[in-house]
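Q: I have a model open. Please show me how to read its packing.

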Amino acid sequence: MQKDAGVSVDAMIEDLRTLVEVESPSRDVAALAASAKAVAGIIEHRLGGHAVLVESEAGPHVHWSGGGEPKVLLLGHHDTVFPLGTLERRPFTVADGRVTGPGVFDMLGGIVQAVHGLATLADRSGVEILMTADEEVGSRSSRALLEERALACGAVLVLEGAADGGGLKTGRKGCGAFQVSIAGRASHAGLEPAAGINALVEAAHQVLDITAFGRPEAGTTVTPTVAAAGTLENVVPAEATVVVDVRVESAEERERVESAFAGLAPHLPGARITVEGSITRPPMPESAATGLFAVAQRLLPGIEGRAVGGGSDGNFTAALGVATLDGLGAVGGGAHADHEYLLIGSMAERAHLVAGLVATLQDG
């Protein structure tokens, strides 16, 4: 591995501050445009070359290439789940060996570490970086692009935050959401309750049916998460909706659960049910990470690999048969929460781990 001088943790922290203080909530195209420019600026400053802003309805994706035959894609996202104004309530802070602030762990820290790690390599040919603008909301506008670049490169390093304890993510469940909409009939709850068709009662039946789709022993979780019904306390509800989170470990379970949702039937005479949604992120099998994880273990002996329930864009690339290793970003915790944090003591190690993986893939 050819390397220049080691990484500067202070410089990484300053670049991370730049990204966090831009703020980049998903679906806010103006904010994401500013964020994309900041990401591109850091990449160009640290690595040279030109980072292309790929415009989309979700906001700009950032793509950079070191030239030559593509061999490895560093994949991440610059959108976060936090609305504008979060920074004022929870500012970027460095204290007690931690960095806190919106998006430091998921996953702005991973972007910065990867760029600084790559900067230690004298040869950056064959390397591509893609930071998308919509991973947190389903990757609808970026999926075709990230799949195209993954296939072209043949190996993907995903810069999402590490698993608990700093482990790499060697497998992920497939995930998706379903919305079950119930149409009933309104009536006066006091004068003519029997004249109505109570959509809320039907929703209660559906929630029990849906919960039974889960198979924890097979790694399948089916969890109703959001429900709405009714307009006034004296009106039989004419409409109700139930939103359901689904996670699966296998293609077989994906097919079974999707078929089960399609087969939902009403319990109350006259009620009607409409189901929307699917399992949009396929499972990421651990087999996709086997070779890359073995390299990581040689570079950083003792590092662990874990299969996790959350999804990432690595699900898409692994499903294509492309070698994919995830969780190479920040070590910390609290993703999507107010206590989100990054551990400063791990930043240099993770940057060098990414650099080592890249160098190995370049040589291979």
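A: First, the ground rules. This is a predicted model: local features need pLDDT of at least 70, side-chain atom pairs count only at pLDDT 80 or more, and totals for chains, interfaces and linings use all residues. Residues are numbered from 1 along each chain as its sequence is written, and side-chain values use heavy atoms, with hydrogens and water left out.

Q: At what angle do the axes of α8 and α10 cross?

A: Two packed helices are described by the angle between their axes and the distance between the axes. Axes are lines fitted to C-alpha atoms, for helices over the stretch in contact, and angles run from 0 to 180 degrees between N-to-C directions. Helices (H or I, at least four residues) and strands (E, at least two) are DSSP runs, numbered from the N terminus. Here α8 (residues 290-299) and α10 (residues 347-363) come within 10 Å and cross at roughly 125°. That makes α8 oblique to α10. Angles under 35 degrees count as roughly parallel, over 145 as roughly antiparallel, 65 to 115 as roughly perpendicular and the rest as oblique.

Q: Which residues make the contact of α8 with α10?

A: Contact means heavy atoms within 4.5 Å. From α8 come Leu292, Val295, Ala296 and Leu299; from α10 come Leu353, Gly356, Leu357, Thr360 and Leu361.

Q: How do α4 and α10 pack?

A: Helix α4 (residues 104-119) packs on α10 at about 60°, with the axes 8 Å apart. The two are therefore oblique to each other. On the α4 side, the contact uses Gln113, Ala114, Gly117 and Leu118. On the α10 side, it uses Met347, Arg350, Ala351, Val354, Ala355 and Val358.

Q: What is the strand order of the open sheet?

A: Strands of a sheet pair through backbone hydrogen bonds, either parallel or antiparallel. Two strands pair if DSSP finds at least two bridges between them. This open sheet has six strands in the order β1-β2-β6-β3-β7-β14, with mixed pairing. Its edge strands are β1 (52-54) and β14 (323-325), each pairing on one side only. Within the sheet, β2 (residues 61-65) and β6 (residues 127-132) pair in the antiparallel sense over four bridges. Trp64 stands opposite Ile129 in β6.

Q: Is Asp313 buried or exposed?

A: Buried means under 20% relative accessible area, exposed over 50%, partly exposed in between (1.4 Å probe, protein chains only). Asp313 has 3%, so Asp313 is buried. Asp313 lies in the loop between β13 (305-308) and α9 (314-319). Not counting residues up to four places away in sequence, Asp313 touches Leu75, Thr132, Glu135, Ser139, Leu146 and Arg281.
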